[in-house]
Amino acid sequence: MKLLSPQQVSELTGLPYGKSLALVKLLNHIQIDRRYYVSEDTLRSFLNPSEPILVTTTQQEE
């Protein structure tokens, strides 16, 4: 089993880092201190659903 950081998820999917981090936090992830990781199998399962899914993120205005 390989653990992926949000940066690696970003590189694999082409998503911006912020969206990759949100995706990792949405999935069944592992948090070590302030770092987040998701298993490659979990990401693969999420990206190949049997039915369409909708993921939304909210951005806070500063």
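Helices here are DSSP runs of H or I with at least four residues, numbered from the N terminus. The model shown in each view is predicted.

**View 1. Ser 10 sits in helix H1.** Helix H1 covers residues 6-13, and Ser 10 is part of this helix. Is Ser 10 buried or exposed? Its relative accessibility is 12%, and buried means under 20%, so Ser 10 counts as buried. Apart from neighbours within four places in sequence, Ser 10 is in contact with Leu 15, Pro 16, Tyr 17 and Ser 20.

**View 2. Three strands form an open antiparallel sheet.** The strand order is E1-E3-E2. Strand E1 (3-4) and strand E2 (30-32) are the edge strands, and each pairs on one side only. Strands of a sheet pair through backbone hydrogen bonds, either parallel or antiparallel. Between E1 and strand E3 (residues 35-39) there are two bridges, and the sense is antiparallel. Which residue of E3 is the bridge partner of Leu 4? The partner is Val 38.

**View 3. Helix H3 lies across E1 and E3.** This helix spans residues 40-47 and runs at about 70° to E3.

**View 4. Eight residues make up the largest nonpolar core.** The members are Leu 4, Val 9, Leu 23, Val 24, Leu 27, Tyr 36, Val 38 and Leu 43. Helix H2 (17-26) and E3 are the elements that give two or more residues to this core. In soluble globular proteins, nonpolar side chains tend to be buried together.

**View 5. Leu 43 and its contacts.** With neighbours within four places in sequence left aside, Leu 43 is in contact with Leu 4, Val 9, Leu 23, Leu 27 and Val 38.

Notes. Residues numbered from 1 in each chain as written. Predicted model: local features only at pLDDT ≥ 70, side-chain atom pairs only at ≥ 80, totals over all residues. Heavy atoms only, no water. Pairing = 2+ DSSP bridges. Contact = heavy atoms within 4.5 Å. Axes fitted to C-alpha atoms, helices over the stretch in contact; angles between N-to-C directions. Core = buried A, V, L, I, M, F, W, Y, C linked by side-chain atoms within 4.5 Å. Buried < 20%, exposed > 50% of the residue type's maximum accessible area, 1.4 Å probe, protein only.
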